[in-house]
Amino acid sequence: MRVLVLGGTSQASELARALVDRPGIEATLSLAGRTAAPAAYALPTRIGGFGGAEGLASYLRAQRIDAVIDATHPFAARISANAAEAARGANVPLAVLSRPAWRPGPGDDWREVANVEAAAAALGAAPRRVFLTVGRLQAGVFRLAGQHWYLMRSIDPPGDLPPSCEVVRARPPFLFDDEIALMREKRIDVLVSKNAGGEAAQAKLGAARALGLPVVMVARPPAPKGVGLEDVEAALRWIEAQR
Ligand SMILES: NC(=O)c1ccc[n+]([C@@H]2O[C@H](COP(=O)([O-])OP(=O)(O)OC[C@H]3O[C@@H](n4cnc5c(N)ncnc54)[C@H](OP(=O)(O)O)[C@@H]3O)[C@@H](O)[C@H]2O)c1
């Protein structure tokens, strides 16, 4: 059975590890190529776009793929829409593996906004010290709110940045004690995050709670259509059921 895993998340990496040497399954991991030096995978990996939904449908046919798992990031809406269309067109079963969204708990002070532009506006007029964790591709949006100082964390060096910004290069997972230390050292007033869900990047939320800091949380785009799976175990069961 030939399986395509659309990746770019820690959950996709976990699934890729679980599929290595699984009897009767030949799986391929697909990455967009956004990270200059992605982690090494034991699974055969292809890198780069397919050329839209049509390109992906052609790939599914040419590679005789039997099942697709869309394990892309919840904010990667285009590839998920393409995957749904391509799987329908090529008549290949598709499931979406996605971690549940984070929810505020007691002691959290969240302001939920619809997109990163709204997050920039929600920081307000008065200058603040902002911990920005929305990914390097959207950091430039915060030029709209250039009165603030930013600590921008990303895996690769970001391009477009707000004028007053320090960059810290790091890759998840992040630990609670380190997040507390970083936010204290940089005298952070507010955290900006996308609602990615999952554990690898969750520690910053606990740290903000412990330090009594507000969080501007960017809500997810609408979930892609199709079978929804929350964890790798469920993905493995779904793959087995397609045989
Ligand atoms: N958006 C985020 O916040 C975020 C955060 C962490 C990780 N990621 C990961 O980074 C990648 C890019 O995110 P994005 O928001 O730029 O995606 P996007 O806007 O949904 O996709 C843009 C284009 O990138 C290509 N692409 C995306 N994921 C791919 C994959 N796994 N394999 C092959 N091609 C892929 C596709 O090109 P073609 O149309 O040419 O096929 C797609 O049309 C995704 O794989 C995602 O899982 C995204």
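Predicted model: local features only at pLDDT ≥ 70, side-chain atom pairs only at ≥ 80, totals over all residues.
Trainee: Which residues of helix H2 are buried?
Mentor: An α-helix has 3.6 residues a turn, so residues three or four places apart point the same way. Helix H2 covers residues 52–62. Its buried residues are Ala 53, Gly 55, Leu 56, Ala 57, Tyr 59 and Leu 60.

Trainee: Asn 82: buried or exposed?
Mentor: Asn 82 lies in helix H3. Leaving out residues up to four places away in sequence, Asn 82 touches Gly 52, Ala 53 and Leu 56. Its relative accessibility is 17%, and the cut-off is under 20%. So Asn 82 counts as buried.

Trainee: At about what angle does H3 run to E5?
Mentor: H3 lies across E1, E4 and E5. Its direction is given against E5. The angle is about 160 degrees.

Trainee: In what order do the strands of the sheet with E3 and E12 at its edges stand?
Mentor: E3 and E12 each have a single partner strand, so one side of each is left without a neighbour in the sheet. The sheet is open, its pairing is parallel, and it has six strands. The twist averages 25 degrees from one strand to the next. The order is E3-E2-E1-E4-E5-E12.

Trainee: Which residue in E3 stands opposite Leu 29?
Mentor: E2 and E3 pair in the parallel sense. Three bridges hold that pairing. Opposite Leu 29 stands Thr 45.

Trainee: How far apart in space are Ile 65 and Leu 205, C-alpha to C-alpha?
Mentor: Ile 65 lies in the loop between H2 and E4. At 6% relative accessibility, Ile 65 counts as buried. In sequence, Ile 65 and Leu 205 are 140 residues apart. In space, the distance is 39 Å.

Trainee: Which residues does Ile 65 touch, not counting residues up to four places away in sequence?
Mentor: Ile 65 is a buried loop residue. With the sequence neighbours up to four places away set aside, the contacts are Arg 2, Val 3, Leu 4, Tyr 59, Leu 60 and Val 92.

Trainee: What is the bridge partner of Leu 132 in E10?
Mentor: Strand E7 (residues 129–133) runs parallel to strand E10 (residues 190–194). Four bridges join the two. The partner of Leu 132 is Val 192.

Trainee: Which two residues does a cis peptide bond join?
Mentor: Most peptide bonds are trans. Here omega is about 10 degrees. Pro 173, one of the pair, sits in the loop between E9 and helix H5 (176–185). The bond joins Pro 172 and Pro 173.

Trainee: Asp 21: buried or exposed?
Mentor: Asp 21 is found in the loop between helix H1 (10–19) and E2. Its phi is positive, about 60 degrees, although Asp 21 is not a glycine. At 74% relative accessibility, Asp 21 counts as exposed.

Trainee: Which element gives the most to the lining of the second largest pocket?
Mentor: This pocket holds about 250 Å³ of space. Among its 20 lining residues, the closest to the centre are Val 96, Ser 98, Arg 220, Ala 223 and Pro 224. Strands E5 (94–97) and E12 (227–229) give two or more residues each. With three residues, the top contributor is E12.

Key
Residues numbered from 1 in each chain as written. Heavy atoms only, no water. Pairing = 2+ DSSP bridges. 1 Å grid on protein atoms, 1.4 Å probe; cavity = no way out; pocket = protein on both sides within 12 Å on 5 of 7 lines; lining within 4 Å. Points joined across faces, edges and corners; volume = space filled by probe spheres on them. Buried < 20%, exposed > 50% of the residue type's maximum accessible area, 1.4 Å probe, protein only. Contact = heavy atoms within 4.5 Å. Axes fitted to C-alpha atoms, helices over the stretch in contact; angles between N-to-C directions.
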